[in-house]
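Here is a short report on one protein model. Start with the overall picture, then look at single residues.

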Amino acid sequence: VLRGIGMHSHTRMTFPIQVGDRKFRSRYWIEPSLSYANVDVRIYLDGKVVHENKGFKAGDLSPVVDVDVTHGKTLTLEVDYGQGYDVQDRIVWVEPAIIRE
């Protein structure tokens, strides 16, 4: 069973980083049937972009994203409007996890 977080553009979700947290790891994808979807995906650590993927489209599956959160206080996941504004812009963060020591 896959677990994930679904997000529609424009959305931001922020999570606190706790002592002992080491990494954030996830992949993301867009259902292939959402053919008009096109989003910009960003991950922020303490307000600074640590991952960005512009123009992410339906049917795509990202590589694994590994972010070192050891010295961070907050982690923010953002899905922003791509080229098609908000038409079908729904992604899933696949099995997102904050890994502790």
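## Elements and numbering

Helices (H or I, at least four residues) and strands (E, at least two) are DSSP runs, numbered from the N terminus. The protein has zero helices and eight strands. Read from the N terminus on, its elements run β-β-β-β-β-β-β-β.

This is a predicted model, in which local features need pLDDT of at least 70 and side-chain atom pairs count only at pLDDT 80 or more, while totals for chains, interfaces and linings use all residues. Residues are numbered from 1 along each chain as its sequence is written, and side-chain values use heavy atoms, with hydrogens and water left out.

## Confidence

The term pLDDT stands for the predictor's confidence in each residue, from 0 to 100. The protein has a mean pLDDT of 94. In 98% of its residues the value is 70 or more. Among the elements, E1 has the lowest mean pLDDT, 94. Strand E6 (residues 65–68) has the highest, 98. Where pLDDT is low, the predicted coordinates should not be read in detail.

## Overall size and surface

How does the radius of gyration agree with that of a compact globule? This radius is taken over C-alpha atoms, and the globule rule is 2.2 Å times the number of residues to the power 0.38. For 101 residues, a compact globule would have a radius near 13 Å; the protein has 13 Å, so the two agree. Along the principal axes, the C-alpha atoms fill a box of roughly 40 × 30 × 15 Å.

Accessible areas come from the Shrake-Rupley method with a 1.4 Å probe; for residues, only the protein chains shown count as cover. The accessible surface of the protein is about 6000 Å². Carbon and sulfur atoms hold 51% of that surface. A residue is buried under 20% relative accessible area, exposed over 50%, and partly exposed in between (1.4 Å probe, protein chains only). Of the 101 residues, 38% count as buried.

Contact means heavy atoms within 4.5 Å. Take the contacts in the protein with a separation of 6 or more: 81% of them join residues 24 or more positions apart.

## Strands E3 and E6

Two strands pair if DSSP finds at least two bridges between them. Strand E3 (residues 21–29) pairs with E6 in the antiparallel sense, over four bridges. Arg-25 stands opposite Asp-66 in E6. Which way do the side chains of E6 point? They alternate. Val-65 and Val-67 point to one face and are buried.

Phe-24 is found in strand E3. Its relative accessible area is 3%, so Phe-24 is buried. Beyond its neighbours within four places in sequence, Phe-24 is in contact with residues including Val-65, Asp-66 and Val-67. Ile-43, Leu-75 and Ile-98 are also among them. Phe-24 and Ile-5 are 19 residues apart along the chain, and their C-alpha atoms are separated by 14 Å.

Ser-9 is found in the loop between strand E1 (4–8) and strand E2 (11–16). Is Ser-9 buried or exposed? Ser-9 counts as buried because its relative accessibility is 7%. A polar contact is a pair of N or O atoms within 3.5 Å; within protein, one must be able to donate a hydrogen and the other to accept it, and residues adjacent in sequence count only if both atoms are side-chain atoms. One of 3.0 Å joins the side chains of Ser-9 and Asp-89.

Asn-38 is found in strand E4 (residues 38–45). With 6% relative accessibility, Asn-38 counts as buried. A polar atom of its side chain lies 3.1 Å from the backbone nitrogen of Gln-83. Not counting residues up to four places away in sequence, Asn-38 touches Tyr-81, Tyr-85 and Asp-89, among others. Tyr-81, Tyr-85 and Asp-89 are also among the contacts of Ser-9.

## Backbone exceptions

Most residues other than glycine have a negative phi, and most peptide bonds are trans. The peptide bond from Ser-9 to His-10 is cis, with omega near -20°. His-10 is found in the loop between E1 and E2.

Asp-46 is not a glycine, yet has a positive phi of about 55°. Asp-46 lies in the loop between E4 and strand E5 (48–57). At 35% relative accessibility, Asp-46 counts as partly exposed. Gln-88, also not a glycine, has a positive phi of about 60°. The loop between strand E7 (74–81) and strand E8 (90–100) holds Gln-88. Its relative accessible area is 24%, so Gln-88 is partly exposed.
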